[in-house]
2 protein chains.
Amino acid sequence: MATIQDVAKHAQVGVGTVSRVLSGKGYVKEETRQKVQASIEALDYTPNAMARNLFFHRSGIVAVIVPEVGHPFFSELVSEVEKALCEQGCQTMICNTFYKKNYEQRYLDMLKQQRVDGIIFGAHTALDVSQYENIGRPIVAIDRTLGERIPCVSVDHAIGGQMAAEEIIYSGCKSVMQFRGAKKGEVTTPSDVRHDVFEELMEEHGIACRSFYSNWHSLDINYYQNYADELLEKYPDVDGVFATDLMAMAVLQSAMAHKKRIPEELKMVAYDGTVGAGLVFPKITTIVQPIEQLAREAVRLITDLIDEKPLVNHKVTLQVTLRRGDTTVRR
Amino acid sequence: MATIQDVAKHAQVGVGTVSRVLSGKGYVKEETRQKVQASIEALDYTPNAMARNLFFHRSGIVAVIVPEVGHPFFSELVSEVEKALCEQGCQTMICNTFYKKNYEQRYLDMLKQQRVDGIIFGAHTALDVSQYENIGRPIVAIDRTLGERIPCVSVDHAIGGQMAAEEIIYSGCKSVMQFRGAKKGEVTTPSDVRHDVFEELMEEHGIACRSFYSNWHSLDINYYQNYADELLEKYPDVDGVFATDLMAMAVLQSAMAHKKRIPEELKMVAYDGTVGAGLVFPKITTIVQPIEQLAREAVRLITDLIDEKPLVNHKVTLQVTLRRGDTTVRR
């Protein structure tokens, strides 16, 4: 199999020139470029990912940082990220932060030491965001605000919150509760917007709206069950719920156990669209995040940054879709 | 902060001696060992993971190979593996195989090239198992048979199958169906045993038992829904189901939509015990795999292999537990 050295020899140029042609970076005379291209074709040369990484002093590894990969949304996201990175010849390193500062710091240090080529950051940061901005190495955020200089991919949560609110309003709710992921001001994530929009629209339509905070990255079945039981018991007047998949499932389980008629007595809208939440009865009306596209856009941005290509767009916003089930009133 | 060199200088020995004391490998005179230990304490030396890896020519990375990390069982498993590896100062690389041979091969090559220190293998292999046995580098299997020389951690699926069967028998089923993960003989996994045991016990008790194969690593909601609808329609006499979490959820959803009374008309036992499946109504009777312990045992074995410690036990078998819900008859 031909190597980059073979191509250089065949084209009578240096290895550096071949690499500039391959990467598309740095100046190469058009005549030389064509000569190298011809040699690449003549020798049927395929750049070997490992050789390429060695040449560019790269590890070939991208770290993906999430709060908890066991959580359905993040597991589906990480799976799609791995698939997309694999197609680019990159390996995927994962890191659960569980909100621990030292875990985040460890990966930022790896990035500084060039042990990973880039970081896709999908966790709530517990560090000062300036740490990310000042690192000067490839970082892409998914659904997190890490300052103006860090590209971010997220869905349009304002539309997501509006869609959820419209389902609740149309279904005739009088008193609703929603579950936020994190306390206001505690972390900055574009996903906060959906709750703000939801709250505003409830107020506008004279619907009472209580907001609760859930430890949404928990994988403890009892936690969800107890929390849902407790709130439904404490607020028997609640006739509408807006929550992420796992919390919505727990509320539905509790409501069914208490023989609430759904959707007559309780309406529900879930958020995320993960596989498990799609398999409950009654089918929950859900705002679906395009998980595969979120991953693909993040991988596109991180590989562009690693390849030092100029970014066209620092903020990528994708559309959510409504999957209407049987927990809201049919139109 | 003190380095290994500082310790060597303080103890008036070579760096190699300090490293032998730290690793516990190779011969060190007891007197020397005590001197080094005293220097370590005097200088408050903490072995730096990265320095240690450089010294031992290690990457500090363990690859975890699973069929699909988006699948609830594997996502919870990978999360626990990452947590346990992180505690050992190791990074976790993940790889979805999606049953593709070339993906597996890529990671075996990385292991040969020492770009990863070890592999925790939790996927069905599409390669000849001799490839794993002959590699002579650290590999640990979770729930997979990769030949006698590869250590394997799994649960006692025979007991798991028996527990499921006993619930079904006690509940008075006449005609049941179970979902196997893979066709018999197609792949070798200890988890096949649970289905064999289940089938035998059904036969022994004169209960008709149909076995189906599900594409269990799918994350397609429609796939599960359509398959469940199709089978319940085709076999209206079925009054018992044994399936992994996602398939069990789909069957329950379909049965509820067809207004089957549960458990009167349909009994169900699920297998795995993942978080989402714990949040459906009615609560499904489930055989729970101890996912955290599976991960911890696998990490213990792989770090022992990497540290070249002798393994006491090549086969680690953990116990499953029964979580009784409302889909079988209460005793």
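These legends accompany several views of a predicted model.

**Figure 1. Chain A as a whole.**
Let's start with the overall picture of chain A, which has twelve helices and twelve strands. Along its principal axes, the C-alpha trace of chain A spans about 80 × 40 × 35 Å. Chain A has 331 residues, and 58% of them count as buried. Among the contacts in chain A with a separation of 6 or more, 68% come from residues 24 or more positions apart.

**Figure 2**

**Figure 3. An open sheet in chain B.**
Now we turn to chain B, where six strands form an open sheet with mixed pairing. To trace the sheet, follow the order β7-β6-β8-β9-β10-β12 in chain B. The edge strands are β7 (208–213) and β12 of chain B, each of which pairs on one side only. From one strand to the next, the twist averages 20°. As a reminder, strands of a sheet pair through backbone hydrogen bonds, either parallel or antiparallel.

**Figure 4. Two helices packed on the sheet of chain B.**
Helix α8 of chain B covers residues 157–170 and packs on the sheet. This helix touches β6 (175–180), β8 (240–244), β9, β10 and β12 of chain B. The direction of α8(B) makes about 165° with that of β9(B). Helix α9 of chain B, residues 192–204, packs on the sheet too, touching β6, β7, β8 and β9 of chain B. Its direction makes about 170° with that of β6(B).

**Figure 5. Strand β10 of chain B and its two partners.**
Look for β9 of chain B (residues 267–272), which runs parallel to β10(B) and is joined to it by four bridges. Here Val269(B) stands opposite Thr285(B) in β10(B). Three bridges join β10(B) to β12 of chain B (residues 321–323), and these two strands run antiparallel. In this pairing, Ile287(B) stands opposite Leu322(B) in β12(B).

**Figure 6. The two faces of strand β10 in chain B.**
Are the residues of β10(B) buried or exposed? Both faces of this strand, residues 285–288, are covered. Thr285(B) and Ile287(B) are buried on one side, while Thr286(B) and Val288(B) are buried on the other.

Key
Residues are numbered from 1 along each chain as its sequence is written. Chains are lettered from A and ligands numbered from 1 in the order in which they are written. This is a predicted model: local features need pLDDT of at least 70, side-chain atom pairs count only at pLDDT 80 or more; totals for chains, interfaces and linings use all residues. Side-chain values use heavy atoms; hydrogens and water are left out. Buried means under 20% relative accessible area, exposed over 50%, partly exposed in between (1.4 Å probe, protein chains only). Two strands pair if DSSP finds at least two bridges between them. Axes are lines fitted to C-alpha atoms, for helices over the stretch in contact, and angles run from 0 to 180 degrees between N-to-C directions. Contact means heavy atoms within 4.5 Å.
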